[in-house]
Amino acid sequence: MVTPRIVPATKTDIPLIHELILELAEYERALPGEAPVTEKDLAQTLFGKQPAAEVLIAFLGDTPAGFALFFHNYSTWLGKRGIYLEDLFVRPLARKHGVGFALLRKLARIAIERDCGRLDWSVLTWNELAITFYKRIGARPMDDWKTFRLTGDALAHVAGTEK
């Protein structure tokens, strides 16, 4: 079995990151157009003056196998930064080869190196394979919390900037 190799993404990885994001969107059953991200968006937001997030890329041998996109958040209770894992995706052919665990292990190590108090993420309720995996490695669901989101017209309405 090939051991997954995890590396920080660089600007040259933008096309691969874009490809992996679109594969993730398809896996998550997104409708066409729900992931309009472009390579230009990724260049600006991941590798511009103020990067909003970081990306790790997993390889099996020389083959890209998946990615994790993450950024820092903050815990008022702990008084420390945390890491929020926005996306973790492993290509279907690379699953069951330790890629997901290798990505999470690298993130956990980054969190400890940066003195973060926690590592958080969300998972779709229908993704039982991922939920089972997360529970198996010791993660616990935050059942008392419900995620909310404002986007599009609702975001503009709350901001008072609707047209």
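Reader: What makes the contact between the side chains of Asp115 and Lys80 a salt bridge?

Author: In this predicted model, the N to O distance between the side chains of Asp115 and Lys80 is 3.0 Å. A salt bridge needs a Lys or Arg side-chain nitrogen within 4 Å of an Asp or Glu carboxyl oxygen, so the pair Asp115 and Lys80 counts as one. The two residues come from distant parts of the chain, with Asp115 in the loop between H3 and E5 and Lys80 in strand E4, 35 residues apart.

Reader: Why is Lys80 called partly exposed?

Author: Its relative accessibility is 30%. Buried means under 20% and exposed means over 50%, with partly exposed in between, so Lys80 counts as partly exposed.

Reader: What joins Arg114 and Glu54?

Author: Their side chains meet in a salt bridge, at 2.7 Å from N to O. This pair also links distant parts of the chain: Arg114 is in the loop between H3 and E5, Glu54 is in strand E2, and 60 residues separate them. Arg114 has a relative accessible area of 30% and Glu54 has 31%, so Arg114 is partly exposed and Glu54 is partly exposed.

Reader: How do you know whether His18 is buried or exposed?

Author: His18, in helix H1 (residues 14-27), has a relative accessible area of 16%. The limit for buried is under 20%, so His18 is buried. Leaving aside residues up to four places away in sequence, His18 touches Val37, Thr38, Glu39 and Leu42.

Reader: Why are the buried residues of H4 said to line one face of the helix?

Author: The buried residues of helix H4 (residues 128-136) are Ala130, Ile131, Phe133 and Tyr134. Seen down the axis of H4, they fall within an arc of 165°, so they line one face. On the other side, Leu129, Lys135 and Arg136 are exposed. The cover over the buried residues of H4 includes strand E4 (80-90), helix H3 (99-113) and strand E5 (119-121).

Reader: What makes strands E2 and E3 a pair?

Author: Strand E2 (residues 54-60) and strand E3 (residues 63-75) run antiparallel and are joined by 7 bridges. Pairing requires at least two bridges, so E2 and E3 pair. Leu56 has Ala68 in E3 as its bridge partner. The hairpin of E2 and E3 has 2 residues between the strands, and Gly61 there takes a positive phi near 65°.

Reader: How many bridges do E3 and E4 pair over?

Author: E3 and E4 pair over 10 bridges, in the antiparallel sense. Ser75 has Lys80 in E4 as its bridge partner.

Conventions
Residues are numbered from 1 along each chain as its sequence is written. This is a predicted model: local features need pLDDT of at least 70, side-chain atom pairs count only at pLDDT 80 or more; totals for chains, interfaces and linings use all residues. Side-chain values use heavy atoms; hydrogens and water are left out. Buried means under 20% relative accessible area, exposed over 50%, partly exposed in between (1.4 Å probe, protein chains only). Helices (H or I, at least four residues) and strands (E, at least two) are DSSP runs, numbered from the N terminus. The arc is that of the directions from the helix axis to the C-beta atoms. Contact means heavy atoms within 4.5 Å.
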